[in-house]
Amino acid sequence: MEEENENIEQDKNQNTDTITKVSGMYKEWFLDYASYVILERAVPAIDDGFKPVQRRIMQSMKDLDDGRYNKVANLVGHTMQYHPHGDASIADAMVQLGQKELLIDMQGNWGNILTGDRAAASRYIEARLSKFALSVVFNPKTTEWQASYDGRRKEPVDLPVKFPLLLTQGAEGIAVGLSTKILPHNFNELIDASIKILKGRSFNIIPDFLTGGIADVTNYNDGKRGGKVRVRAKIHQKDKSTLVINEIPFGSTTTSLIDSILKANDKGKIKIKKIEDNTAKNVEILIHIPSGISPDKTIDALYAFTNCEMSISPLCCIIQENKPVFIGVCDVLKYSTNHTVELLKAELEIQLNELEEQWHFSSLERIFIENRIYRDIEEEETWDGVIDAIDKGLQPFISHLKRAVTKDDIIRLTEIKIKKISKFDIDKAKQFIEGLEEKIAQVKDHLEHIIDFTIDYFKNLKLKYGKGRERKTEIRIFEDIVATKVVMRNAKLYVNRVEGFIGTSLRKDEFVGDCSDIDDVIVFRNDGKMIVSKVDSKTFVGKNIIHVAVFKKKDKRTVYNLIYTDGKGGTTYMKRFLVTAVTRDKEYDLTAGTKGSKLLYFTANPNGEAEIITVNLRAVGSVKKLKWDINFADLAIKGRASRGNTVTKYTVKKIELKEKGASTLKPRKIWFDETVQRLNVDDRGDLLGEFTSEDRLLIITQKGEIKTIIPNLNAHFDNDMIVLEKWEPNKPISAVYLDGERERYYVKRFMVEHPDREEKFISDHPNSKLQIIAVDYRPVAEVIYSKRSLENEKINFEEFIAIKGIKSLGNQLTTDKIKQVNLLDSLPYKAPEINDVDLVEEEIIKGDENNNSDDNENTDEGQTALF
């Protein structure tokens, strides 16, 4: 019994000794786990650009490489000898590597990065290393090895990659407490940048995506934290009712893109009829839009409300010396380039050592055979005696050797076969040694000029593997798309003027117009108050509403004319003003602020119209003039907070509209910014001219299509546009073109006959080609023929052909092949004189902005049309 009690006490003491606090275990376990995930799973190493699983896949493929394809399932199984995780993660990592189309030569269904389709099961697809991978990734002689997780095999610490692989492929991973997102860059551009680094020149690298598309890298920030890259799909207009997406933004698929478009359509942000996905090898998504919907506006709406535009936030985090480091992509490229120099130097040093060893033994062999030293061992009976005899026989002939003769060298001499000795050719041996000396000299020269050698190495890579790896993503600067300008009007706005309610649910009240659920509404009341509020189902904005409309932010065209009485029985004032920016839901007083003030007259004029009114006074006291006319055009446009000009100090009976006015604003100057392919009014790009609401733009494309459009900031332009200018209806257009069917050149002059539709002025034959287009009144051109025997010909279009219909064939120019047509200086033309009309400048707001310091919380503008 006593023994049992002693045993129990001992057990208790043992249990007490092994107790560990859980909090301590938590700290250690979490730190160990975080370190493991960061270093061994999620973040790539800067030395070779691989994550551990990718490195082990590449090594396994090299182990099994025999030039033929291997089943991916077999490769995955072999990789598990190095990688202590499941086969599914290895297979997924291999598919991702393969889809980058650089290191793995694929066979079978490896999925589709465009559609998002998954690869077939690993037992059905095959892979082998690409020639590029075999060339730049592996070299056992310069590889540092370590034991695998179970100690059975040796795996590389880092692969000796002689190329900026990390930046070419990109990388993405989420670890514990940090993440990385390195965007892919262009193969050839990285090589060019590496060469610039080696030459000590400045360089810059920007992302390039296999999916193509368009990218704005203005805020790339060298791939560091805080940077941003905006990517867009390539959308063009097929016809008036069809849009085509043929390249998608990086990070999306055709499936996710179509889903986002359908979702935006369901929410009423855009309006489409149907979508067709014809994607196969290349992307082709057809978007059919209803009649009456602007294609240009729909394109902008797709960018604003769907995945046709996406924002990517890069974050370059890599493993360097077993630690996570945040650096820029330029620093990564510099490190990679310098690392390549070191690897090439190490390879050359190994090669030099091997060549010198080969030269050393070849020289010994020649001495051994040529001087018949092998006969000296005939009398020797022991092995040591043989070694000593050969060593003694070599001594008179080895003074020119570069190192001492070792016992191993002598043993190798004893292993030379008699057959080789009997057929030994002294001249061939001498030539072979001389060849080795040339190679040694060449390698030494490369080592002395290692930078030049590395530059040649990169140039050779570009020459050998750069074809077909040209930039796929177009670089542009994007203009911000204001959502309220392009959103579909998916709701109807109503107003109850007396009760002071506006909203989309007041269907029994007065209809104002169509709006969207992200619009703002501007309201003017009879008491001289103004307020801007967001569209909602029902909102109270104050009783006695006199005007309500969808508000356009920064609208410098709409001019408000009003007349008000300052207080009860006070002086009457009149004013003209703009409303460009306000604080939402804040009341603004448009009068002088006296209690009892009241509006007597109000109009909203979309193009700055200035009407003529008649003021009628009450016949009170000694007032002699009871009626007179006032023209609002005589009044300057000022800020909304200004008091205005005095109309009268007497009581006004009524105000009548006598005559509607014309616009008092000057024509608007419009520029075309070729960088973003957009119109603007901000003095960016080339000035197209001054435009009124009646003016149009002339657009001509290389395909021989011509149209005119009303200038609109939403307008999109084709890449093959060759003419964009202000249209003059009376100015003829001259063209030289090749008719594909007749195989002859024709000259024609014509006018735009239908301004509201697009027309083709050359034949529809696929071989028809526009040679030159002239939009001057009296153009002259020089025709240069392909045959040198034919002299150049000068054409005066005005004399050559009269103005005919746009569909006419024109006059035949020649049947000979034309090399090129050059426009010469046009003949002088005197335009008819136009009487000038005095107009008001549009940029008139000074008081408006000075009087509203809190107007930074602006709402968004509505329609973007200029007129």
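How many bridges join strand 11 (residues 242–247) to strand 13? Four bridges join them, and the two strands run antiparallel. This is a predicted model, where local features need pLDDT of at least 70, side-chain atom pairs count only at pLDDT 80 or more, and totals for chains, interfaces and linings use all residues. Residues are numbered from 1 along each chain as its sequence is written, and side-chain values use heavy atoms, leaving out hydrogens and water.

- Helices (H or I, at least four residues) and strands (E, at least two) are DSSP runs, numbered from the N terminus.
- Two strands pair if DSSP finds at least two bridges between them.
- Ile245 stands opposite Ile285 in strand 13.
- Strand 12 (residues 274–277) also pairs with strand 13 in the antiparallel sense, over four bridges. Here Ile275 has Ile287 as its bridge partner.
- In a regular strand the side chains alternate between the two faces of the sheet.
- Ile285 and Ile287 point one way from strand 13 (residues 285–288), while Leu286 and His288 point the other way. All are buried (under 20% relative accessible area; exposed is over 50%, partly exposed in between; 1.4 Å probe, protein chains only).

**Strand 8**

- Strand 8 (residues 214–219) runs antiparallel to strand 9 (residues 228–232), joined by four bridges. Asn219 stands opposite Lys228 in strand 9.
- Strand 8 runs parallel to strand 17 (residues 474–475), joined by two bridges. Ala215 stands opposite Ile475 in strand 17.

**Helix 4**

- Val72, Leu75, Val76, His78 and Thr79 are buried in helix 4 (residues 72–79).
- Seen down the axis of helix 4, these buried residues fall within an arc of 165°, so they line one face of the helix. The arc is that of the directions from the helix axis to the C-beta atoms.
- The buried residues of helix 4 pack against helix 3 (52–64), strand 1 (70–71), helix 5 (87–99) and strand 3 (126–129).

**Sheet 39-37-38-42 and Glu759**

- This open sheet has four strands in the order 39-37-38-42, with antiparallel pairing. Its edge strands are strand 39 (721–726) and strand 42 (759–760), and each pairs on one side only.
- Strand 38 (residues 705–709) pairs with strand 42 over two bridges, in the antiparallel sense. Glu705 stands opposite Lys760 in strand 42.
- Glu759 is in strand 42. Why does Glu759 count as buried? Its relative accessibility is 8%.
- The side chains of Glu759 and His754 are joined by a polar contact of 3.2 Å (a pair of N or O atoms within 3.5 Å; within protein, one must be able to donate a hydrogen and the other to accept it, and residues adjacent in sequence count only if both atoms are side-chain atoms).
- Not counting residues up to four places away in sequence, Glu759 touches residues including Gly704, Ile706 and Ile806 (contact means heavy atoms within 4.5 Å).

**Aromatic rings**

- The whole structure holds 19 aromatic pairs (rings of Phe, Tyr and Trp, its six-membered ring, with centres within 6.5 Å; planes under 30 degrees apart count as stacked, over 60 as edge-to-face and the rest as tilted).
- One of them is Phe132 with Phe163: edge-to-face, 5.2 Å centre to centre, 85° between the planes.
- Both Phe132 and Phe163 are buried.
- Ring pairs link Phe132, Phe163, Phe187 and Tyr465 into a cluster.
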